[in-house]
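Subject: Two-chain model, handover and findings

Hello,

Here is the structure I promised to pass on. Please load it first, then read the notes below it.

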Amino acid sequence: MSETTHSLTSNAMPVNKGQAALSLLAVAALLTVIQYLGLLPEWLHRLPEAVIPNFAGWLDAIFNFVKDDMGLLVFTRTLTEGLEWLLDASANIFFGKRRWPNIGPMSWTALTAAVAVVGYYLGGWRLALLAGGTLVWTALIGQWKIAMQTVSVLAISVPLAFVIGLSLGIAAWKYAWVDRAIRPILSVLQTLPFFTYLLPAVIFFKVGPTAGAVATTIYAIPPMILMTTLGLQKVSEEVVEAGKMSGCSKFQMLRHVYLPSARTEILVGVNQVIMLCLAMVVLTAFIGMPGLGAKLLAMMGSFKLGRSFEIGVTIVLLAVTLDRMSKAWVVKQPEHFERGTPFWKRHRMLLLGVALFVFFSLLSRVVPIAAEIGRGQDLSQGRELDDLIKAFLNIEWVKATTGFLRAFLNVQVLIPFRNFMLSIPTPAFILLIAAFALALAGRKQAIYAVIFFGFVALSGWWDRAIITLYSVIAAVALAALIGLPTAILAARSEKWSVRMLLVCDTAQTFPSFVYLIPAIMLFGITDIAVIFSILVFATVPLIRYTIEGLRTVPPEMTEAADMSGATRMQKLWNVQIPLALPTMAIGFNQAIMFAFFMVIIAAFIGTQDLGQELQRTLAGTDLGKNFVLGICVALMALTFDLTIMKWAADKKRALGLP
Amino acid sequence: MSADTPVISCKNVWKIFGKDPKGYLESMSPGTSYDEIRADGYIAGVKDVSIDVHKGEMLVIMGLSGSGKSTLVRCFSRLHDITGGTISVEGQDIMSLPEKELIELRRSKMGMVFQSFGLLPHRTVLQNVAFPLEMRGQDRHTRRERAMEVVKLVGLEGREDYFPRELSGGQQQRVGIARSLAIEPDIWFLDEPFSALDPLIRKEMQDEFLRLQQMLNKSIVFITHDFDEALRLADRIAIMKDGAVEQCDTPDRIVLNPATEYVRKFTEDVDKARVVHAGVLAQAGAKGEGEPVDAKATVQGMARMLVNDSREMIPVQKNNTLIGAMSRKAALDILLGTEG
C-alpha cells in the first residue's frame with residue numbers, strides 16, 4: 001500500500017524536482033554574478049561576525065556543567081582506573097611494562113610461532129606465512145616493542161568494542177525505540193572526524209594510552225552495532241519458527257538460535273572492529289599514545305623518510321594480517337570428526353600452538369636473541385633508504401615531473417578553483433548544495449542540506465569549511481578521472497577484475513595514516529601532498545565499487561546487448577554503465593566520506609582548513625570549539641551521504657536491481 | 001476430552017495483517033470481500049475459516065502461494081496470533097494460554113517441518129535433532145539416545161556428526177523431519193515439506209513419509225501447493241483461496257463434486273480414475289449381483305473388470321460387509337469421460 005503511494009509521488013515529482021533545482025541554481029548563479037559585479041552587500045556575501053552565535057562557548061558551558069557539576073569527570077576518572085589496570089596488564093604481557101601480573105613480556109619467537117599456528121588453523125600455509133612473516137619482519141626491523149605497544153591497546157579495545165557493540169546491537173534489534181534513538185547518533189558518529197573523538201577522550205580519560213584506548217573503542221563500536229542488528233534481522237523466518245516450535249524461551253532463542261545464526265555478520269563486525277581499532281590506535285599518536293603511530297608521526301615530522309617507510313610497511317603488514325586472519329575466521333566452518341577421534345587429534349592445532357609457545361618461551365631464557373632483538377642487532381636500513389629515496393627524488397625527470405605537477409596543478413587548477421569556491425556568496429553556496437540535493441534525491445534531502453550548511457555558516461568557520469570542501473571535491477574529481485577508467489578497463493576481464501579488487505581490498509585495510517607517507521615523499525609538505533593523499537585514499541572505493549557494479553550487471557542483459565549487435569563501447573555506455581550506476585554512486589559516496597576523513601588527517605601536513613583548527617584544539621582544552629568544528633565536518637559529509645545514498649536507492653528500485 | 005473431540009478445532013478464525021487489525025475486524029461489515037479488505041490497506045491472511053482436525057487423520061491444506069495456507073497452519077501453533085475467532089487444541093483455547101504454557105504445549109505436543117528446512121547451521125545433525133529436547137531441559141544422555149533413535153528412523157544413520165551444509169536437500173529435510181518427531185508430538189505440522197526438493201527425491205520422500213505415518217499414526221496438518229501430492233497423501237483436503245477455505249472434503253468427493261468454480265478448475269486435469277474409489281460410487285440402497293469389489297479399489301484399478309463385465313450394478317463391500325452397489329456406467333464414465 002505505502003509502496004504504491006510512494007511510487008506515485010516519485011513518478012509525479014521529477015518535473016517539479018528538476019525545475020525547482022534549476023531555479024535554485026539560477027538564484028545562486030545570480031547572487032554570484034552580483035557579487036562579482038561588486039553590488040552584493042557584504043552581509044549577504046558572508047555572515048557578519050556579530051550574528052554568529054557563540055556555539056563553542058555554549059558547548060563549553062554545557063560540557064563544564066556535565067563534567068564538573070554533574071560529576072561525570074569523577075565517574076570517568078574512576079572508569080579510567082579500571083581501564084588503566086587492564087591496559088597495564090596487557091602492556092605487561094605484550095612488552096613487559098612493570099605492572100601486575102609481572103610475567104611479560106612474551107618473547108617474540110614464542111608469540112610469532114603461536115600466531116603462525118593460528119594463521120595455519122584459520123587459513124592454511126599462506127596465512128601462516130603472512131602472520132609469521134609479519135611478526136618476524138617487525139622483530140627484525142627493530143620495531144617489536146613499539147608494535148607491541150600498539151597491539152597491547154588493541155588487545156583491550158577490540159574486545160571492549162565487541163562486547164559493547166554486540167550488546168547495543170542486540171538492544172537495538174530487540175527494542176524499536178533503542179534503534180530509533182541509536183540510528184541518528186550512529187550516522188553522525190560515523191561521519192565525525194576522528195579528531196573529535198580525541199579531545200573529549202583526553203579531557204575525560206587523561207592523556208596517553210587510556211584516552212587513546214577509549215577513543216579507539218568508541219570509534220570502533222558503530223559498525224559492530226550495525227552488523228549485529230543486520231545479522232539478527234537476517235536470520236531466516238523459518239529458523240526462528242523452528243526455534244519457537246522447539247519450545248525455546250526468549251533467552252534460549254537469543255542464545256541458541258539468533259546469535260549462532262547471525263555468526264557470519266557478527267564476525268564481519270569483529271573484522272571491522274579490528275580494522276577500525278587499528279586505524280584509530282595509530283592516529284591516537286596525536287594525543288600521546290606511544291606505539292607505531294607515535295613513531296611514525298615523529299619520523300615524518302623530522303622528514304626521516306626511510307624510517308617512516310619502514311614503519312609504514314610494518315603498519316600495513318599488521319593491518320593485512322589482522323584483516324586476512326579475521327576474514328578467514330568469518331568463513332571458517334566447524335568441521336566434524338568421525339566418532340571416536342582421540343582428543344589430541346581433535347585439538348591438534350591448539351596443542352601444537354601451546355607446545356611451540358612453551359618451547360620458544362623456554363628457549364628465549366637461554367638464548368637472549370630469541371627473547372628480544374636489542375639495539376644495534378636489528379636490520380633496519382632507515383638511513384640508507386632515506387638516502388635512496390632522496391636520491392630518487394633528485395633525479396632530473398622525477399624532480400621535473402613532481403615539480404611540474406606541483407606548479408601546474410596548483411597554479412592552473414587548484415588555486416583558481418579554490419578561489420572561485422571562496423568567492424561564491426554564502427547563501428548562493430547553500431542554494432547550490434540544496435539544488436544538488438533536490439535534483440538527485442528529493443525535497444527532504446534538500447531541506448537537510450539547507451539546515452546542515454546553514455549551521456556551518458552560523459558556526460563562523462565558513463571559509464575554512466569551504467577550503468575543506470574544496471580539497472574534498474578536487475581530490476574526488478581527480479580520483480574519478482583516474483579511478484573510473486582504470487576500473488572500466490579492469491572490469492573487461494575477469495582476471496583483472498579479481499586482481500584489482502584484491503588490490504583495493506588490501507589497500508582499504510591500510511590505516512589512513514600511511515597514505516601520507518608516499519604523499520610527503522613525492523611532494524614534500526605542500527597542498528599538493530594533501531590532495532595527493534586524499535586522492536589515493538579516495539580512488540580505492542571508487543575503483544572497487546565501479547568494478548563491483550559492472551561485474552554484477554546480470555549476464556542476460558549483456559548477452560541481450562551482444563545479440564542485438566552492440567559494439568563493446570555501445571554495450572558499455574548503454575547497458576553496463578546505466579545498470580552499474582547505483583553501485584558506482586555508493587562508491588562515489590564512500591570516496592567522498594573517505595576524502596572528508598583524510599582531509600582532516602592531512603591537516604598534519606599543514607593545511608588551512610577545519611582539520612588544522614581541529615588539530616590546534618587538541619593542544620588545549622577547547623572542547624566546545626573542537627565539537628563545533630567536528631560537527632561542521634560531519635554535517636557536510638552527512639549532506640552528501642544522505643543525498644547520494646537516497647539517489648542510489650531510488651535508482652536501484654527503479655531499475656529493479658536487488 | 002472424549003475420543004471424538006477434534007485435536008484442533010478452529011471456529012471463524014480471522015488473521016488480518018495491517019496497522020490495526022483488531023480494530024479493523026471489529027468495524028468491518030460482514031461479507032467484505034478479500035479485494036475490498038485489500039483496498040482498505042489490510043491483507044486477510046486467513047478469512048473466516050472454520051475447520052477441524054480429527055485424531056489420527058491427515059488433513060492436507062492445498063492452495064496456491066499467497067492463499068493463506070501457511071498463515072493458517074501458523075495460527076494453529078500460534079506462531080501467529082489470530083485476529084478473531086477461536087482455535088482450541090485438544091479442547092484448550094490456545095489464544096488464552098500464557099507464554100509459559102504455550103512453550104510447554106509446543107515442547108510436548110507439537111512438531112513442525114518447514115519448507116526450507118529451518119535447520120540451525122551451527123549444529124550437527126544430531127544436535128539439530130536433539131535441539132527441542134535440549135530446550136525442554138532433558139539431560140545430555142537421554143536426549144542423545146532419543147535423537148539417535150529418530151535419526152535412525154529417518155534413515156540418516158552414520159551422518160549424525162555432519163553439519164547441515166554437508167547434506168543434500170533431501171537429507172536436510174530428513175533432519176527437519178527427525179527434529180519435529182524427536183519430542184514424540186501428537187500433532188504434526190508439515191509446511192510444504194517437499195516443495196524445495198527435486199521431483200524424484202520428492203516422490204521418494206512422500207513414500208518415506210507415508211511409511212512413517214503408517215508407523216506413528218499422528219494427527220497431521222500437511223500443506224502443499226501440489227494437487228497431486230495432496231491427492232496422494234490426504235484423508236481430507238481443504239482447498240484455500242484468498243485466505244478462505246473453498247472446500248474441505250475427501251479427495252474423491254472433491255474430484256467428483258467440486259463445490260466452486262475455483263475448485264473445479266483445479267480438478268479439471270486430474271485423472272479422476274486414479275482418485276475415485278468404489279466406496280464413493282456405491283449407492284447405499286442399491287443391490288448388485290455377483291462378486292463384490294472392495295470400497296478402497298480405485299476406478300483405474302478396476303478398469304479391466306469394468307470393461308469386460310456386463311453387470312449393470314456391481315456390489316461394493318467395505319471390511320467384508322456390503323455397503324451398496326455402484327453403477328458400472330457411472331464408473332466407466334469416470335474412466336473414459338462422459339459421452340459427448
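What follows is what was found in the model, part by part.

First, the ground rules. This is a predicted model: local features need pLDDT of at least 70, side-chain atom pairs count only at pLDDT 80 or more, and totals for chains, interfaces and linings use all residues. Residues are numbered from 1 along each chain as its sequence is written, while chains are lettered from A and ligands numbered from 1 in the order in which they are written. Helices (H or I, at least four residues) and strands (E, at least two) are DSSP runs, numbered from the N terminus.

Start with H29(A), residues 623–655. This helix has 33 residues. From first C-alpha to last, H29(A) reaches 47 Å, close to the 48 Å expected at 1.5 Å a residue. The expected span is 1.5 Å times one less than the number of residues. Of the 33 residues, 24 are buried, so H29(A) is largely enclosed by the rest of the structure. Burial is a neighbour count: a residue is buried if 20 or more other C-beta atoms lie within 10 Å of its own, exposed if 12 or fewer, and partly exposed in between, with C-beta atoms placed from the backbone. Just after the helix, A:Gly656 takes a positive phi of about 70°.

Its packing partner here is H27(A), residues 568–601. The two axes come within 8 Å and cross at roughly 170°. That makes H27(A) roughly antiparallel to H29(A). Axes are lines fitted to C-alpha atoms, for helices over the stretch in contact, and angles run from 0 to 180 degrees between N-to-C directions. Under 35 degrees counts as roughly parallel, over 145 as roughly antiparallel, 65 to 115 as roughly perpendicular and the rest as oblique.

Which residues meet? On the H27(A) side they include A:Leu579, A:Phe588 and A:Phe596; on the H29(A) side they include A:Val633, A:Phe640 and A:Trp647. The residues of this contact divide into 18 nonpolar, one polar and three charged. Contact requires C-beta atoms, placed from the backbone, within 7 Å. Ala, Val, Leu, Ile, Met, Phe, Trp, Tyr, Cys and Pro count as nonpolar, Asp, Glu, Lys and Arg as charged, and the others, Gly among them, as polar.

**Chain B: two sheets**

An open sheet of six strands runs in the order S6-S7-S8-S3-S9-S10, with mixed pairing. Strands pair if DSSP finds at least two bridges between them. S6(B) and S10(B) are the edge strands, each pairing on one side only. The twist averages 15° from one strand to the next. Helix H7(B), residues 169–181, lies across S6(B) and S7(B), at about 170° to S6(B).

S9(B) and S10(B) pair in the antiparallel sense over five bridges. B:Ala238 stands opposite B:Cys248, and B:Ile237 stands opposite B:Asp249. The hairpin has two residues between the strands, and B:Asp242 there takes a positive phi near 50°.

Another open sheet has three strands in the order S11-S12-S13, also with mixed pairing. Its edges are S11(B) and S13(B). S11(B) and S12(B) pair in the parallel sense over two bridges. In S12(B), B:Gln317 is the bridge partner of B:Asp294. Helix H15(B), residues 328–336, lies across S12(B) and S13(B), at about 65° to S13(B).

**Where the chains touch**

The contact takes 22 residues from chain A and 23 residues from chain B. H10(A) and H11(A) each supply at least two residues of the chain A side. H10(A) gives the most, with six residues. By class, the chain A side has nine nonpolar, eight polar and five charged residues.

**Single residues to look at**

- A:Phe303 has a positive phi near 55°. It is found in the loop between H13(A) and H14(A). With 13 C-beta neighbours inside 10 Å, A:Phe303 counts as partly exposed.
- B:Asn12 has a positive phi near 45°. It is found in strand S1(B), residues 8–17. With 12 C-beta neighbours inside 10 Å, B:Asn12 counts as exposed.
- B:Arg140 lies in helix H6(B). With 10 C-beta neighbours inside 10 Å, B:Arg140 counts as exposed. B:Arg140 and B:Arg328 are 188 residues apart in sequence and 62 Å apart in space, C-alpha to C-alpha.

Best wishes

Note on methods: Contact = placed C-beta atoms within 7 Å.
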